[in-house]
Amino acid sequence: MGLLVMILGLVLFLGIHVLTSLRELRAGFVKAMGEGAYKGIYSLVSFAGLALIIWGFGQYRATGMIPVWEDKVPAGLLTALRHITVALMLPAVILVVASYIRGRIYTTVKHPMLAGVKLWAFAHLLANGDLGSIILFGSFLGWAVYDRISLKRRADAGAPPIPVGGPTNDLIAIAVGVIVYLALAFAFHPVVIGVPVMGA
């Protein structure tokens with residue numbers, strides 16, 4: 001049941017984000033219902049999808065995960081993969097922060113938000129060999145790859161412009177990223193997800 005709820009959440013959350021990339025279709029919805037109503041429905045569907053993903057994944061973990069490869073690898077290798085995941089999460093978080101605090105990182109990577117999501121998803125696929133995790137993180141990885149490709153074909157980026165600064169912004173992004181990373185590792189992950197970082 002939890003797995004099905006999580007999949008429904010993924011369909012809602014990623015589906016509404018894919019709609020954003022389809023600029024002509026999005027424009028049609030905005031014209032039909034108005035900018036405010038569209039944004040309201042977009043936010044509502046995104047929130048509902050995210051809530052279903054979190055609840056469904058939690059239920060899936062609580063009622064028994066379905067192993068795919070995790071139980072077939074040596075414990076030492078699995079531990080090493082989880083250490084790699086923990087290490088990769090720091091640059092992933094910094095990239096996401098750098099998409100809002102824009103400096104040289106932003107101009108070099110071009111789309112640090114998507115790069116951060118791809119790194120986050122890939123890192124978690126390394127450490128989680130059960131069916132639910134593969135579906136969850138594989139879906140986000142697939143969406144991020146799709147969205148990055150679609151950006152090359154869009155006439156506009158679909159997001160409001162954010163001023164781009166210099167190296168100082170990069171230092172701020174790194175500092176904020178480290179703080180967020182520590183908060184995720186020692187507060188959010190064990191409390192909200194219910195799994196310590198080395199059990200991710």
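Among contacts (heavy atoms within 4.5 Å) in the protein chain between residues at least 6 apart in sequence, 74% join residues at least 24 apart. This is a predicted model, in which local features need pLDDT of at least 70, side-chain atom pairs count only at pLDDT 80 or more, and totals for chains, interfaces and linings use all residues. Residues are numbered from 1 along each chain as its sequence is written, and side-chain values use heavy atoms, with hydrogens and water left out.

### Exercise 1: the whole chain

Describe the elements and the overall dimensions of the protein chain.

*Step 1.* Start with the elements: the protein chain has 8 helices and 0 strands. Helices (H or I, at least four residues) and strands (E, at least two) are DSSP runs, numbered from the N terminus. Read from that end, the order is α-α-α-α-α-α-α-α.

*Step 2.* Now the dimensions: the C-alpha trace spans about 50 × 45 × 30 Å along its principal axes.

*Step 3.* Finally, 34% of the 200 residues count as buried. Buried means under 20% relative accessible area, exposed over 50%, and partly exposed in between (1.4 Å probe, protein chains only).

### Exercise 2: helix 4 against helix 6

*Step 1.* The axes of helix 4 (residues 75–98) and helix 6 come within 8 Å and cross at roughly 170°. Axes are lines fitted to C-alpha atoms, for helices over the stretch in contact, and angles run from 0 to 180 degrees between N-to-C directions.

*Step 2.* The classes are: under 35 degrees roughly parallel, over 145 roughly antiparallel, 65 to 115 roughly perpendicular, and the rest oblique.

*Step 3.* By class, this contact of helix 4 with helix 6 has 19 nonpolar, 3 polar and 1 charged residues. Here Ala, Val, Leu, Ile, Met, Phe, Trp, Tyr, Cys and Pro count as nonpolar, Asp, Glu, Lys and Arg as charged, and the others, Gly among them, as polar.

### Exercise 3: helix 6 against helix 7

Find the orientation of helix 6 and helix 7, then look at Leu125.

*Step 1.* The axes of helix 6 (residues 112–127) and helix 7 (residues 131–151) come within 9 Å, crossing at roughly 155°. That makes helix 6 roughly antiparallel to helix 7.

*Step 2.* The residues of this contact of helix 6 with helix 7 divide into 13 nonpolar, 3 polar and 3 charged.

*Step 3.* Leu125 lies in helix 6 and counts as partly exposed at 22% relative accessibility. Leaving aside neighbours within four places in sequence, Leu125 is in contact with Trp69, Ser133, Ile134, Phe137, Gly138 and Leu141.

*Step 4.* For contrast, take Lys39: Leu125 and Lys39 are 86 residues apart in sequence and 32 Å apart in space, C-alpha to C-alpha.
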